[in-house]
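Here's a quick tour for anyone opening this structure for the first time. We'll look at rings, then charges, then a pair of helices.

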Amino acid sequence: MIRFAANLNILSVVDFQLRVITMKRALITGITGQDGAYLAKFLLKKGYQVFGTFRRTSTPNFWRLQEVEVFDQVNLIPADLIDSASIAEAITVAEPDEVYHLAAQSFVGASFEQPIGTGNVTGLGVTRVLEVIRLINKDIKFYQASTSELYGNGNAHPQREESSFMPQSPYSAAKLYGYWITRIYREAYDIFACNGVLFNHESPLRGLEFVTRKISNGVARIVIGMDKTLPLGNLKARRDWGYAPEYVESMWLMMQQDTPDDYVIATNEACTVQEFAEKAFEVAGLNWEKYVIVDKRFIRPLDVNYLQGDYSKAREKLGWEPKVKFDRLVEIMVKADIDRWNKWLHGERFPWDAPHYPAETRILTRSLRM
Ligand code: NAP
Ligand code: G4F
């Protein structure tokens, strides 16, 4: 089927026809999140027509798409993971070749406060998407955003694809269900469905409640004199921290293979939260010990102690390799937040202070309402 694509650079009629016929269509659930924004940018560069689901919010939430400068190139479809009909609508409207399922209640801390909601969205939400694919078009490829949290505390490290799972939170229990339902749909219905078991990946687009961004933003606020301390929880937790823009490439690579499979994506290096704080304050020329305090409100009822991923399979089969390592990652994040706060001091808005739904918002539904 020839599909119309609004963002084509048309050089000639032949070129137009070739490109329109071959242009792949991707649907990203959770396009407003950290990974969603980077993946949208990545896929647009690859020549995809990109569709993404978003939730209606009282304040617009498109700042990440604006920050990576793709907002006017993506097509947005309203959908919520607790609403199967809206997922069916999104897949019907987008007619995707590939679905990247990134949407989730993704904050482990919040999953202890809302365990049932997290199970519904982060767990059952996966089945809702897979069911629509099974019923509408089994040729659609499916990527599930699985997580290193699945490993919990039950393993030696580094963890690899065959390591056992021992979830330690309602979030990771829900993700474990998502992991297995993905494999079950692959085997039962022959759907191209794969799990990317991604270890922590961070960036200046990371949500403020996650520890890395909380630290980089906290350092920036201390630098400009807004705060005097940075309260944190478990400083001893070890994570394998990578750079989000590189991790989204692995998602695409998994979807281009001849057969669907599951892959660990990581850096194979692990550092503690304390080491992240030490390095972050060092980037700003400060000594962390003067500012970091432990506040028990940020200590979880259960926590994962040590995550370090062995990405050998991804390197061998996908040719994927991380380039940005720990020190550089911390530097990128701290410098970005200091830059944002300095701009704010000079009267500029923060990127997330989007004032209204911009006029160029391309919202699609079958019963177009705008
Ligand atoms: P994120 O920034 O928190 O983005 C989550 C996305 O899900 C947002 O677009 C959010 O929409 C959407 N969402 C939440 N609840 C929803 C619902 N009920 N219906 C529809 N959409 C909903 O997360 P991320 O860091 O980009 O991570 C992407 C995925 O990878 C998540 O599934 C996460 O669990 C998983 N993962 C992340 C990491 C990591 O280190 N970043 C590692 C392993 C796995 P709003 O913007 O409206 O909130
Ligand atoms: O930054 P975090 O909240 O990330 P966490 O729990 O590792 O989860 C992230 O990575 C997972 C992949 O492994 C994803 F699946 C998940 O969606 C999410 O993206 O916490 C990291 C560590 C934890 O051990 C936490 O207890 O930092 C510790 N920590 C210490 N003080 C803190 C704080 N975490 C937060 N959020 N805030 C603190 O003040």
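## Rings that pair up

A search of the whole structure, which is a predicted model, turns up 21 aromatic pairs. Take phenylalanine 54 and phenylalanine 62: their ring centres sit 5.4 Å apart with the planes at 65°, and over 60 degrees counts as edge-to-face, so that's what this pair is. Both phenylalanine 54 and phenylalanine 62 are buried.

Now try phenylalanine 350 and tryptophan 352. Their ring centres are 5.0 Å apart and their planes are at 5°, so this pair is stacked. Phenylalanine 350 is buried, with a relative accessible area of 10%, while tryptophan 352 counts as partly exposed at 24% relative accessibility. Ring pairs also tie Phe350 and Trp352 into a cluster with Trp63, Trp341 and Trp344.

## Lysines over rings

Lysine 214 lies over the face of phenylalanine 298, 3.2 Å from the ring centre. Over the face of tyrosine 263 you'll find lysine 313, at 5.0 Å from the ring centre.

## Two helices crossing

Two packed helices are described by the angle and the distance between their axes. For helix H10 (residues 273-283) and helix H12 (residues 326-345), the axes come within 9 Å and cross at roughly 55°. That makes H10 oblique to H12, and H10 passes H12 in a right-handed crossing.

Which residues meet there? From H10 come Glu275, Phe276, Lys279, Ala280 and Val283. They meet Phe326, Asp327, Val330, Glu331, Met333, Val334 and Lys335 in H12.

Technical notes. Residues are numbered from 1 along each chain as its sequence is written. Chains are lettered from A and ligands numbered from 1 in the order in which they are written. This is a predicted model: local features need pLDDT of at least 70, side-chain atom pairs count only at pLDDT 80 or more; totals for chains, interfaces and linings use all residues. Side-chain values use heavy atoms; hydrogens and water are left out. Rings of Phe, Tyr and Trp (its six-membered ring) pair if their centres lie within 6.5 Å; planes under 30 degrees apart count as stacked, over 60 as edge-to-face and the rest as tilted. Buried means under 20% relative accessible area, exposed over 50%, partly exposed in between (1.4 Å probe, protein chains only). A charge sits over a ring if NZ of Lys or CZ of Arg is within 6 Å of the ring centre and within 35 degrees of the ring normal. Axes are lines fitted to C-alpha atoms, for helices over the stretch in contact, and angles run from 0 to 180 degrees between N-to-C directions. Helices (H or I, at least four residues) and strands (E, at least two) are DSSP runs, numbered from the N terminus. Angles under 35 degrees count as roughly parallel, over 145 as roughly antiparallel, 65 to 115 as roughly perpendicular and the rest as oblique. A crossing is left-handed if the near helix is turned anticlockwise from the far one by less than a right angle, and right-handed if clockwise. Contact means heavy atoms within 4.5 Å.
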